[in-house]
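The following exercises are to be worked with the sequence and the predicted model at hand. Each task is followed by a solution in steps.

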Amino acid sequence: MADVVKVEYGTEASNYDSFWTTGNPFVRIDSELFISALGSAAGASVLDLAGGSGIKARFAIDAGAVAVDIVDISQAMMQGGQKVEASLGRDVIRWFEADISKPLDHLPLRPEYDIVMAHWPLDHADNMTVLEGMLHNITSYLKPGGRFFGVRCCDPRAPAMVSGELGVVFQDFEEIPGGLKFRYGFNSGGTLIEATSMEATYSGSTEIYEKFGLVDVQTEPYENAQVVKENPKMWESFLKQPGLAMVKATKKLFLRL
């Protein structure tokens with residue numbers, strides 16, 4: 001699936017970034033939940049896996065992060081982010097092209113980071129081996145006591161996601177072993193992008209995270225997003241059956257005897 005994702009995100013790179021600046025309900029709840037969960041990142045080093053053009057990385061920098069490494073499979077997505085950073089006149093982000101489900105030891109990454117982020121890549125894992133490869137990289141590069149943040153799907157078939165009422169639509173569902181394959185797209189146009197969510201994550205179970213050493217696994221309360229506070233009625237369907245969750249956790253501390 002990695003080759004498909006690389007091509008489709010490369011094709012949609014310009015449209016993708018345009019969508020994420022629209023301020024529609026889906027964009028806002030995704031962004032506002034992350035900002036709420038993150039809080040301060042003062043002085044932090046950050047690894048952003050599948051960080052694309054650096055949308056979430058820039059939020060982390062705004063929160064005080066001093067060094068960010070982005071690893072993404074799409075060079076086209078990262079090139080868009082590099083242009084943005086150049087226009088801001090700063091050199092805080094390093095960019096690396098790689099498949100985050102596979103070993104990354106060929107890259108000159110830091111041995112460990114204060115924060116590791118992985119927003120949405122778990123919903124491009126089409127089997128458990130790929131999913132566990134991503135989680136292995138997440139926790140391998142996260143220092144003990146460090147913080148993890150990652151947006152993921154809840155049930156992709158949630159009514160609010162199928163209807164397109166929030167600005168994004170999920171469709172063309174197909175059951176696969178252990179999960180669900182589907183396509184998603186933006187109401188603003190463009191082509192549909194292939195996605196797969198494994199039940200191990202979209203079910204809401206924390207077991208798969210804990211297997212890789214993450215503890216205190218929680219989801220950021222939806223009510224912490226300003227867009228939900230502004231118009232609770234619009235979010236009634238979503239809150240009954242959410243379509244996404246902002247997961248936050250820490251890496252287990254290992255005591256030395």
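**Exercise 1.** Determine which residues Met 78 touches, not counting residues up to four places away in sequence, and decide whether Met 78 is buried or exposed.

*Solution.* Step 1: locate the residue. Met 78 belongs to helix H5, which covers residues 75-88.
Step 1: list its partners. Beyond four places in sequence, Met 78 touches Gly 52, Ile 70, Asp 72, Trp 95, Phe 96 and Glu 97.
Step 2: apply the cut-off. Residues under 20% relative accessible area are called buried. Met 78 has a relative accessible area of 1% and is therefore buried.
Step 3: Met 78 and Gly 178 are separated by 100 residues in sequence, and their C-alpha atoms are 31 Å apart in space.

**Exercise 2.** Examine Asp 72, a residue that Met 78 touches, and state why Asp 72 counts as buried.

*Solution.* Step 1: Asp 72 is found in strand S2, residues 67-72.
Step 1: Asp 72 counts as buried because its relative accessibility is 8%.
Step 2: leaving out residues up to four places away in sequence, Asp 72 touches Ala 50, Gly 51, Gly 52, Met 77, Met 78, Phe 96, Glu 97 and Ala 98.

**Exercise 3.** Identify the residues that touch the most other members of the largest nonpolar core, and name the helix that gives the most to this core.

*Solution.* Step 1: the largest nonpolar core has 52 residues, and Phe 26, Ile 29 and Phe 238 touch the most other members.
Step 1: helix H3 (residues 25-38) gives the most to this core, namely seven residues.
Step 2: another core, of 31 residues, lies apart from it; among its members are Ile 100, Leu 104, Tyr 141 and Ala 249.
Step 3: With neighbours within four places in sequence left aside, Phe 26 is in contact with Phe 19, Trp 20, Trp 120, Met 161, Leu 166, Val 168 and Leu 244.
Step 4: In soluble globular proteins, nonpolar side chains tend to be buried together.

**Exercise 4.** Describe how helices H3 and H4 pack.

*Solution.* Two packed helices are described by the angle between their axes and by the distance between the axes.
Step 1: H3 and helix H4 (residues 55-62) pack at an angle of about 35°, and their axes are 11 Å apart.
Step 2: the crossing of the helices H3 and H4 is right-handed.
Step 3: Asp 30, Ser 31, Phe 34, Ile 35 and Leu 38 from H3 meet Lys 56, Phe 59 and Ala 60 from H4.

Key:
Residues are numbered from 1 along each chain as its sequence is written. This is a predicted model: local features need pLDDT of at least 70, side-chain atom pairs count only at pLDDT 80 or more; totals for chains, interfaces and linings use all residues. Side-chain values use heavy atoms; hydrogens and water are left out. A nonpolar core is a set of buried Ala, Val, Leu, Ile, Met, Phe, Trp, Tyr and Cys residues joined through side-chain atoms within 4.5 Å. Buried means under 20% relative accessible area, exposed over 50%, partly exposed in between (1.4 Å probe, protein chains only). Helices (H or I, at least four residues) and strands (E, at least two) are DSSP runs, numbered from the N terminus. Contact means heavy atoms within 4.5 Å. Axes are lines fitted to C-alpha atoms, for helices over the stretch in contact, and angles run from 0 to 180 degrees between N-to-C directions. A crossing is left-handed if the near helix is turned anticlockwise from the far one by less than a right angle, and right-handed if clockwise.
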